[in-house]
Amino acid sequence: MRKGVDGVQQWQDGEWMVRSIFGGSATKAYRCPGCMQEIRPGVAHVVAWPADERGDLTDRRHWHTGCWKARDRRAPGVERSRNAPHYG
Ligand SMILES: [Zn+2]
């Protein structure tokens with residue numbers, strides 16, 4: 001069995017559930033909180049959310065795979081959500 005990225009990962013700021021999204025199932029564009037760049041449809045990436053809130057999936061964040069893996073180089077707690085308007 002291969003071990004993928006899916007599952008609970010331990011980070012400095014707690015446990016995160018991580019799920020990999022394959023390019024074919026990525027049908028929307030998302031904003032990556034790691035680099036604030038767009039994750040374009042069709043691009044494989046990861047979704048992460050706090051493991052202690054597994055019942056509430058509204059807090060899921062979509063990350064570029066590389067940005068997620070580089071996450072521990074960033075200071076924890078600096079991410080902030082932004083209520084950007086959605087058009088279309
Ligand atoms: Zn990114």
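A: The following account goes from the chain as a whole to the cluster and then to the metal site.

The model is predicted; local features require pLDDT of at least 70, side-chain atom pairs count only at pLDDT 80 or more, and totals for chains, interfaces and linings use all residues. Residues are numbered from 1 along each chain as its sequence is written, and side-chain values use heavy atoms, with hydrogens and water left out.

Helices (H or I, at least four residues) and strands (E, at least two) are DSSP runs, numbered from the N terminus. Of the 88 residues in the protein chain, 30% are buried, where buried means under 20% relative accessible area with a 1.4 Å probe, protein chains only.

Trp11, Trp16, Trp63 and Trp68 form one aromatic cluster, and the structure holds three aromatic pairs. Rings of Phe, Tyr and Trp (its six-membered ring) pair if their centres lie within 6.5 Å, and planes over 60 degrees apart count as edge-to-face. Trp16 and Trp68 are an edge-to-face pair, because their ring centres are 5.9 Å apart and their planes stand at 70°. Since Trp16 belongs to strand β2 (residues 14-21) and Trp68 to helix α1 (residues 65-69), this pair ties together parts that are 52 residues apart in sequence. Both Trp16 and Trp68 are buried. Trp68 also forms an edge-to-face pair with Trp63, at 5.2 Å centre to centre and 75° between the planes; Trp63 is likewise buried.

The zinc ion has as its protein donors Cys32 (SG), Cys35 (SG), His64 (ND1) and Cys67 (SG), which lie 2.0 to 2.3 Å from it. Donors are N, O and S atoms within 2.8 Å of the metal (3.2 Å for Na, K and Ca); water is not among the atoms, so sites may look incomplete. Along the chain, the zinc donors follow the spacing C-x2-C-x28-H-x2-C. The arrangement is tetrahedral because the four donor atoms subtend angles of 103 to 119°; four donors count as tetrahedral if all angles lie between 85 and 135 degrees.

Methods. Buried < 20%, exposed > 50% of the residue type's maximum accessible area, 1.4 Å probe, protein only. Phe/Tyr/Trp six-rings, centres within 6.5 Å; stacked < 30°, edge-to-face > 60°. Tetrahedral: all angles 85-135°; square planar, octahedral: opposite > 155°, others 65-115°.
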